[in-house]
Amino acid sequence: MAYLLLAVSIASELLGTSMLKASQGFTRLVPSIVTVVAFVCSFYFLSISLKSIPLNTAYAIWSGLGTVITVIVSVVIWKEKINTASVVGIALIIIGVVVLNLLGPGHGAAEDQQPGNLHSAAARKL
């Protein structure tokens, strides 16, 4: 369920970003309102997903997918140009998200680092 909420957050962020462009610097009312509502929804659903998904993993997915899909939307919908450096950068973002998901602390490696865990290093110092 947390990953579904994260997906809703990403979709809201994509809508907000697209409407931000459509708002033409907040000079058009409807796209401006949609931008604000979409970003509020995005942060709300991201915050709810953080109850179950580690911050570093959730934010990597949220920002990584948001960036990649935003580039695709900007090329397809807004007819913006993309260059080789952009493609390389996007590939590095995807690699980073994959590495975090496969090897990051969300997979038990940092279980001792969780706040409130009596076995954590901070609790042992007390």
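The model is predicted.

**Overall layout**

The chain holds five helices and zero strands, and along the sequence the pattern reads α-α-α-α-α. Of its 126 residues, 28% count as buried. Among contacts in the chain with a separation of 6 or more, 60% are accounted for by residues 24 or more positions apart.

**Helix α1**

Helix α1 covers residues 2-22. Its 21 residues should span 30 Å at 1.5 Å a residue, and the end C-alpha atoms are 30 Å apart, so the two values agree. Several residues of α1 are buried, including Ala 2, Leu 5, Leu 6, Ile 10 and Leu 14. The buried set also includes Ser 9, Ser 12, Glu 13, Gly 16, Ser 18 and Ala 22. Helices α2 (29-49) and α3 are among the elements that cover these buried residues of α1.

Most residues other than glycine have a negative phi.

The cut-off for exposed is over 50% relative accessible area.

**Packing of α3 against α4**

Two packed helices are described by the angle between their axes and the distance between the axes. For helix α3 (residues 55-76) and helix α4 (residues 84-103), the axes come within 9 Å and cross at roughly 155 degrees. That angle makes α3 roughly antiparallel to α4, because angles over 145 degrees count as roughly antiparallel. The crossing of α3 past α4 is left-handed.

On the α3 side, the residues that meet α4 are Asn 56, Thr 57, Ala 60, Ile 61, Gly 64, Thr 67, Val 68 and Val 71. On the α4 side, the partners are Ile 90, Ile 93, Ile 94, Val 97, Leu 100 and Asn 101. The residues of this contact of α3 with α4 divide into nine nonpolar, five polar and no charged.

Definitions and conventions
Residues numbered from 1 in each chain as written. Predicted model: local features only at pLDDT ≥ 70, side-chain atom pairs only at ≥ 80, totals over all residues. Heavy atoms only, no water. Axes fitted to C-alpha atoms, helices over the stretch in contact; angles between N-to-C directions. Helix = DSSP H or I, 4+ residues; strand = E, 2+ residues; numbered from the N terminus. Parallel < 35°, antiparallel > 145°, perpendicular 65-115°, else oblique. Left-handed = near helix turned anticlockwise from the far one by under 90°. Contact = heavy atoms within 4.5 Å. Nonpolar A, V, L, I, M, F, W, Y, C, P; charged D, E, K, R; others polar. Expected span 1.5 Å × (residues − 1). Buried < 20%, exposed > 50% of the residue type's maximum accessible area, 1.4 Å probe, protein only.
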